[in-house]
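The sequence and structure are shown first.

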Amino acid sequence: MNKKLRAAVMAGNWKMNKTASEAAALYDELIPAVKDAGCTVVTCVPFTDIAVAVEKCRGTNIKVGAQNVHFEKSGAFTGEISADMLVEAGVEYVIIGHSERRQYFGETDETVNKRTIAALNAGLKAIVCVGELLEERELGITKEVIGRQVKIDLFGISAEQMKNVIIAYEPVWAIGTGKTATAAQAEEVCGYIREVVAGLYGSAVADGLTIQYGGSMKPANADELLAMENIDGGLIGGAALKAGDFSALVESASR
Ligand code: PEP
């Protein structure tokens with residue numbers, strides 16, 4: 001089974017939650033709880049928590065990620081953060097194209113592509129999010145939507161760079177709603193993403209690609225989702241804010 005060859009990655013997306021002091025308190029609970037993880041553990045924190053996250057995670061098995069990155073190297077982009085800034089701050093991972101960025105901040109596949117290229121060029125690992133809206137699923141165009149997103153988001157990225165790419169399949173209707181895709185629905189789309197990547201890069205790259213599922217993943221549904229052949233980990237929102245839930249999810253991915 002190729003699944004065994006792929007790195008299982010469980011990434012928490014803290015979204016706009018936790019001040020620096022609250023983040024420190026969460027790490028105090030999280031660090032001992034995940035220290036024996038058999039998978040990669042990432043926490044993607046708000047920019048203002050990066051310093052405390054890097055300090056707390058030094059010498060532990062928890063990696064620090066950000067939730068966005070700008071595509072230009074520097075310049076007149078008020079409020080933005082560059083990939084070099086993240087790297088120098090000690091960040092290793094960055095979420096790109098989360099549906100909340102697409103929905104509320106005008107992200108498009110074209111900007112997702114530019115951000116992904118900038119992140120990879122700076123040496124970051126990119127967690128690129130794709131996912132269909134409820135209306136798109138109901139119209140029966142999920143695969144078309146996902147295929148288009150994957151192709152545009154990865155445009156111009158080399159096979160070598162794909163070693164630093166993770167794709168997170170996050171059906172928009174399942175994010176923060178309590179509605180989870182069934183394991184069969186999630187597996188169908190994650191398998192399709194792997195097919196699209198195989199078409200672009202060949203089967204060796206596709207077989208080695210970590211694909212996460214995200215959307216109301218919680219301890220009660222994680223085992224079933226993570227048992228699927230094409231689901232190699234999770235991108236976790238709400239449940240990543242509680243050390244007990246997140247460590248239970250990490251344990252599921254470690255089995
Ligand atoms: C997310 O933010 O990427 C996410 C999947 O959120 P939740 O787990 O809360 O649905």
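In this predicted model, a polar side-chain atom of histidine 98 is placed 2.9 Å from an oxygen atom of the ligand. Asparagine 13 likewise directs a polar side-chain atom to an oxygen atom of the ligand, at 3.1 Å. Serine 216 uses its backbone instead: a backbone N or O atom of this residue lies 2.7 Å from an oxygen atom of the ligand.

| Residue | Atom of the residue | Distance to an oxygen atom of the ligand |
|---|---|---|
| Asparagine 13 | polar side-chain atom | 3.1 Å |
| Histidine 98 | polar side-chain atom | 2.9 Å |
| Serine 216 | backbone N or O atom | 2.7 Å |

The ligand is surrounded by 14 residues, of which the closest are Lys15, Glu170, Gly176, Ser216 and Gly237.

Lysine 15, one of those closest residues, belongs to the loop between strand E1 (9–13) and H1. Most residues other than glycine have a negative phi. Lysine 15, although not a glycine, has a positive phi of about 55°. The loop between E1 and H1 also holds lysine 18, and this residue, again not a glycine, has a positive phi of about 80°.

Two packed helices are described by the angle between their axes and the distance between the axes. For helix H1 (residues 20–33) and helix H2 (residues 50–57), the axes come within 9 Å and cross at roughly 25°. Because angles under 35 degrees count as roughly parallel, H1 is roughly parallel to H2. Their crossing is right-handed. On the H1 side, the contact involves Ala20, Ala23, Ala24, Tyr27, Asp28 and Ile31, which meet Val52, Ala53, Lys56 and Cys57 of H2. By class, this contact comprises eight nonpolar, no polar and two charged residues.

The second pairing joins helix H7 (residues 142–153) and helix H8 (residues 183–201), whose axes come within 10 Å and cross at roughly 45°. That angle makes H7 oblique to H8. The crossing of H7 and H8 is right-handed. H7 contributes Thr142, Lys143, Ile146, Gly147, Val150 and Lys151 to the contact, while H8 supplies Glu188, Val189, Tyr192, Ile193, Val196, Val197 and Leu200. The contact of H7 with H8 has eight nonpolar, two polar and three charged residues.

Key
Residues numbered from 1 in each chain as written. Predicted model: local features only at pLDDT ≥ 70, side-chain atom pairs only at ≥ 80, totals over all residues. Heavy atoms only, no water. Axes fitted to C-alpha atoms, helices over the stretch in contact; angles between N-to-C directions. Helix = DSSP H or I, 4+ residues; strand = E, 2+ residues; numbered from the N terminus. Parallel < 35°, antiparallel > 145°, perpendicular 65-115°, else oblique. Left-handed = near helix turned anticlockwise from the far one by under 90°. Contact = heavy atoms within 4.5 Å. Nonpolar A, V, L, I, M, F, W, Y, C, P; charged D, E, K, R; others polar. Near = heavy atom within 4 Å. Polar contact = N/O pair within 3.5 Å; in protein donor to acceptor, adjacent residues only side chain to side chain.
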